[in-house]
Amino acid sequence: MISDIITFSISNRKFAIELQKVPIILSAKEYLPNNFTLINKTYYFKFSNYETELINLADLLNLDNCSVGDATKILVGQNGDEMFGLLVDKVEEIINLNGESEANFFENQNSQDKYILGTIEIFDEKLKIIKVEEILKNKIQEF
C-alpha cells in the first residue's frame, strides 16, 4: 500500500514515486559536475561513502534527458547493499496519502509502460507512478 509519494517532473511531465522507495532527496548540483547531462547508461557518484549508481530515468521513460540546474534533484534509494539514484528535473512536493489527501489509485493496464505501476489521481491531477522494482530489475538484466 502506498502511504506517501514524491511528485516530480522530467521534461515538463509530472510523475509520482513512493517515498519509501527513494526516501532521500539530494540537490544534484552538490553531487554532479557542472554542465552535467546524464547520457550514459551507467554513471556513479559518491554519496555518504557509497558509490551510488545514477539511473537514467528520463531515458527509460523515453523523455528528454535532464540537465543539471538549480532545481534538479536526485532521488536516492537502496536495493540490498547497493544505493541508486534517479535524476529528476524538479521535485514538486511530498504528499502523505494517509492524511487528508484524497487519492484514487488505478493499476497500470498498458503492458508497454513497464516502468509505470499505475496512475494516482490526487487534487484533480492524474500522475503516473514509477515502478522502482521494474527499473532495478532492468538494471540487473543489463549486466
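Predicted model: local features only at pLDDT ≥ 70, side-chain atom pairs only at ≥ 80, totals over all residues.
Lys29 sits in the loop between strand 3 (24-27) and strand 4 (43-47), and Asp70 in the loop between helix 1 (57-60) and strand 6 (73-79), so the bridge ties together parts 41 residues apart in sequence. Asp70 is exposed, at 65% relative accessibility.

The protein chain contains two helices and 11 strands. From the N terminus, the order is β-β-β-β-β-α-β-β-β-β-β-β-α. Of the 143 residues, 44% are buried. Among contacts with a separation of 6 or more, 55% join residues 24 or more positions apart. The chain exposes about 8,200 Å², and carbon and sulfur atoms supply 42% of that area.

Side chains of opposite charge can pair when their charged atoms come close. The count of salt bridges is five. One of them joins Lys14 and Glu125, whose closest N and O atoms are 3.2 Å apart. This pair links distant parts of the chain: Lys14 belongs to strand 2 (residues 13-18) and Glu125 to strand 11 (residues 125-130), 111 residues apart. Lys14 is partly exposed at 30% relative accessibility. Glu125 is also partly exposed, at 31%.

A further salt bridge, between Glu134 and Lys137, has an N to O distance of 3.5 Å. Both residues lie in helix 2 (residues 132-142); they are three residues apart, so about one helical turn separates them. Glu134 is buried at 15% relative accessibility, whereas Lys137 is partly exposed at 41%.

Methods. Residues numbered from 1 in each chain as written. Heavy atoms only, no water. Helix = DSSP H or I, 4+ residues; strand = E, 2+ residues; numbered from the N terminus. Buried < 20%, exposed > 50% of the residue type's maximum accessible area, 1.4 Å probe, protein only. Contact = heavy atoms within 4.5 Å. Areas by Shrake-Rupley, 256 points an atom, 1.4 Å probe, with all protein chains shown as cover. Salt bridge = Lys/Arg side-chain N within 4 Å of Asp/Glu carboxyl O.
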